[in-house]
Amino acid sequence: MRYLLDTNIISNITKPFPSETLLEWMGAQKDEDLFIASLTVAEIRRGVLEKPAGKRRDQLEAWFSGPEGPQSLFAGRVLPFDENASLVWARLMADGKAQGRPRSALDTIIASVAEAHGCTVVTDNEKDCAGVEIVNPLRQIE
């Protein structure tokens, strides 16, 4: 199975105290089955750049650009928002509007990249990923 990790999953892992359930789920997966979207790289970088100067930002900068950062960890497994994903995105956005449940355009890009590339989205944002296959390890109780 191929999984696309949502930005909120990557963010959780970088917290001082990440979710134990998430860490257990991640540990049970093969690295080659885990992917991120190019948008996730952008969202993480933006988050680092928006942090005020200080120790936490320095730590995040070092993580982001280092061997444990997303571009290094997911080298060869960063999926683009391409033409196929754009068509899925249009459908998901229109479906949300038709159902009276508008979706976040950025979060829906993650969902569309996953579907276009045959992945299940790993997220705790079930609302904006409605219509695609998801796994929410933060809600799973073992």
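This briefing covers the sheet, the helices around it and the cysteines of one structure.

The model is predicted: local features need pLDDT of at least 70, side-chain atom pairs count only at pLDDT 80 or more, and totals for chains, interfaces and linings use all residues. Residues are numbered from 1 along each chain as its sequence is written, and side-chain values use heavy atoms, with hydrogens and water left out. An open sheet of 5 strands has the order β3-β2-β1-β4-β5, with parallel pairing. Helices (H or I, at least four residues) and strands (E, at least two) are DSSP runs, numbered from the N terminus.

**The sheet**

- Two strands pair if DSSP finds at least two bridges between them.
- The edge strands are β3 and β5, and each pairs on one side only.
- β1 and β2 run parallel and are joined by 2 bridges. Here Y3 stands opposite L34 of β2.
- β2 also runs parallel to strand β3 (residues 78–79), again with 2 bridges. I36 has V78 of β3 as its bridge partner.
- β1 and β4 pair in the parallel sense over 3 bridges. L5 has V122 of β4 as its bridge partner.
- β2 is covered on both faces. L34 and I36 are buried on one side, F35 and A37 on the other. Buried means under 20% relative accessible area, exposed over 50%, and partly exposed in between (1.4 Å probe, protein chains only).

**Helices on the sheet**

- Helix α3 (residues 38–50) packs on the sheet and touches β1, β2 and β3. Its direction makes about 65° with that of β2.
- Helix α7 (residues 105–116) lies across β1, β2, β3 and β4. α7 runs at about 160° to β1.
- Axes are lines fitted to C-alpha atoms, for helices over the stretch in contact; angles run from 0 to 180 degrees between N-to-C directions.
- T40 lies in helix α3. T40 is buried, with a relative accessible area of 0%.
- T40 touches L5, D6, T7, I10 and I110, not counting residues up to four places away in sequence. Contact means heavy atoms within 4.5 Å.

**Helix α2**

- In helix α2 (residues 20–27), the buried residues are L22, W25 and M26. They share one side of α2, because they cover an arc of only 100° around the axis. The arc is that of the directions from the helix axis to the C-beta atoms.
- An α-helix has 3.6 residues a turn, so residues three or four places apart point the same way.
- E20 and G27 are exposed on the other side of α2.
- The buried residues of α2 pack against β1 (3–5), α1 (7–14), β2 (34–37), β4 (120–122) and β5 (134–135).
- At the start of α2, a side-chain oxygen of S19 reaches to within 3.4 Å of the backbone nitrogen of T21.

**Cysteines**

- A search of the whole structure finds 0 disulfides. A disulfide is a pair of cysteine sulfur atoms within 2.5 Å.
- C119 is buried, with a relative accessible area of 7%. C129 also counts as buried, at 1% relative accessibility.

Methods. Polar contact = N/O pair within 3.5 Å; in protein donor to acceptor, adjacent residues only side chain to side chain.
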